[in-house]
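Student: I have a model open and want to learn to read it. Can we go through some questions together?

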Amino acid sequence: MGILISNGTVISPSGRIHEDVLVEGERIVATFLPGTAPREGHRVIDATGKYVIPGGIDVHTHLDLPLAGTVVADDFESGTRAAAWGGVTTIVDMANQETNASVYDGLAEWHTKAAGKCAIDYSFTQMISTVDDESLKAMRYLTEHEGVKIGRAHV
């Protein structure tokens, strides 16, 4: 059973269009001219007079980040809830490697901070603060096997 969002104005990169949108699981699986979508077996949401906007992706967030002797205001719970209310469905947070610590430990710490607290999908950019043979090896592994983007920490 999917969700059919009917009679709305879809906002997309190519402009506004009146379409019905069928969602199954967490994916848009089809769009239809208004009134032509199969309704049987689907929960129908009437979006008459409303905009239907696909979720946004915030590719640079700093949640639960220690900074200058304090911690930023939002953790993964409050930050992802706020993002969801703003229409963001995915964030890419900056996972931090402490100086001279393991890159893997830095990523594991961010996984722990996020676990069970996120209202939306998330991924990480792994910040590297110590560049040595071990961190270079870790960078290759994380990008090839963990889907992590690598960034250089501001020092």
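Student: Is alanine 68 buried or exposed?

Tutor: This is a predicted model, where local features need pLDDT of at least 70, side-chain atom pairs count only at pLDDT 80 or more, and totals for chains, interfaces and linings use all residues. Residues are numbered from 1 along each chain as its sequence is written, and side-chain values use heavy atoms, with hydrogens and water left out. Buried means under 20% relative accessible area, exposed over 50%, and partly exposed in between (1.4 Å probe, protein chains only). Alanine 68 has a relative accessible area of 81%, so it is exposed.

Student: Where does alanine 68 lie?

Tutor: Helices (H or I, at least four residues) and strands (E, at least two) are DSSP runs, numbered from the N terminus. Phi of alanine 68 is near 50°, a positive value in a residue other than glycine. This residue lies in the loop between β7 (66–67) and β8 (70–71).

Student: Which loop holds asparagine 100?

Tutor: Asparagine 100 is not a glycine, yet its phi is positive, about 65°. Its relative accessible area is 66%, so it is exposed. Its loop is the one between β9 and α2.

Student: Which elements do the buried residues of α1 pack against?

Tutor: In α1, Phe76, Gly79, Thr80 and Ala83 are buried. They cover an arc of only 90° around the axis (taken from the directions from the helix axis to the C-beta atoms), so they sit on the same side of α1. Contact means heavy atoms within 4.5 Å. The buried residues pack against β9, α2 and β10.

Student: Which residues does leucine 107 touch?

Tutor: Leave out residues up to four places away in sequence. Then leucine 107 touches Ala95, Phe124, Gln126, Leu142 and Val148.
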